[in-house]
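Below is a short briefing on a ligand site and on one strand that contributes to it. The sequence and structure come first.

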Amino acid sequence: MENLYKPFKVKIIKIEKHSNNVKLFRLEKNLSFNPGQFILVSYFGYGEAPFGIASSPYQDLYIDIVVRRVGTLTKALHQLKEGDEIFMRGPYGNGFPLNFMSGKDVVMVTGGCGIPPIAALIEYIIANKDKFGRVYLIYGARTPNDLLMKNNFERWGKSIKVLLTIDKSDKNWKGYVGMVSELIDEIKINSKDAVAAMCGPGPMMDALEKILRPLGISDRRIFVNMERKMQCGIGKCQHCVTGDKYVCKDGPVFNFDEIDKSWD
Ligand SMILES: Cc1cc2nc3c(=O)[nH]c(=O)nc-3n(C[C@H](O)[C@H](O)[C@H](O)COP(=O)(O)OP(=O)(O)OC[C@H]3O[C@@H](n4cnc5c(N)ncnc54)[C@H](O)[C@@H]3O)c2cc1C
Ligand code: FES
């Protein structure tokens, strides 16, 4: 049996530049995972860090991660070329509660670099479209250039409603600017039987107050994928503890009402 805690070597089979400081890495690996779970990626001499899986859980040839260049490891990863090898372990964490979400309308909200786990959830929903009601993605970024995974928007838009919003427009932009609250008119859901999935603290509070609460989605039906600094990824080192929860083991997906009580 494969040891989940032991890093193994994977080959980078594709690299795509998605913005000035973000690249997608396609890793040659058949990995069984739930949308919302993460892997720990390491490159010898530069450390190890968690990344959400962005590809479809039904894809058995590869997994995608989308990496923002912020520090030691991510800078080193951005220097790598297709064909290079890195190490990974996982998948870890709980992922989104797919059984609970099934049969319901779904509103997904994310911003900037929070898209990877939401992208995997979108792929799952599209592959199981008959099990879901109306499905919306609200994705915001600072400028059009900061929107990641753009190549997918047209395909996703054939199955779910994709609503893009940015803070600062350019001359080619035809979508929404700023006003997240304006998007509410586009969303037609059965609020009593709808769920929401969010990722990233940035857009979270704004979207919560301006969209999800006005739509009538209760906090216990809002699932948030949280990012916290991690080390072991398996509930041993306490680096990711917040309140009485381990983000690596109990999360990274939490109910919003759980977070309200225990988040610091
Ligand atoms: C469950 C989970 C999923 C994640 N998914 C993704 C993803 O899909 N794509 C992605 O680009 N990043 C993701 N991250 C964040 C990513 O793990 C960090 O950016 C990474 O640890 C940076 O490593 P580094 O060695 O390059 O930076 P370091 O050299 O360790 O740090 C550089 C700077 O980033 C800050 N930093 C480091 N880690 C975090 C963190 N977790 N949260 C906030 N600030 C941090 C440090 O304080 C420092 O200021 C995820 C984190 C978690 C916990
Ligand atoms: S990362 Fe070590 S306990 Fe969560």
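Strand 5 is largely enclosed by the rest of the structure, because five of its six residues are buried (under 20% relative accessible area, 1.4 Å probe, protein chains only). The model is predicted: local features need pLDDT of at least 70, side-chain atom pairs count only at pLDDT 80 or more, and totals for chains, interfaces and linings use all residues. Residues are numbered from 1 along each chain as its sequence is written, ligands are numbered from 1 in the order in which they are written, and side-chain values use heavy atoms, without hydrogens and water.

Strand pairing
- Strand 2 (residues 22-27) runs antiparallel to strand 5, and six bridges join them; strands are DSSP runs of E, at least two residues long, numbered from the N terminus, and a pair needs at least two DSSP bridges.
- V67 in strand 5 has K23 opposite it.

Shell around ligand 1
- P50, V66, R68, T74 and K229 come nearest among the 20 residues around ligand 1 (a heavy atom within 4 Å).
- At least two shell residues each come from strand 4 (48-52), strand 5 (63-68) and helix 1 (72-79); helices are DSSP runs of H or I, at least four residues.
- Strand 4 gives the largest share, four residues.

Contacts with oxygen atoms of ligand 1
- A polar side-chain atom of T74 lies 2.5 Å from an oxygen atom of ligand 1.
- For a backbone N or O atom, the distance to a ligand 1 oxygen is 3.0 Å at T72 and 3.2 Å at G71.

Note on methods
Polar contact = N/O pair within 3.5 Å; in protein donor to acceptor, adjacent residues only side chain to side chain. Buried < 20%, exposed > 50% of the residue type's maximum accessible area, 1.4 Å probe, protein only.
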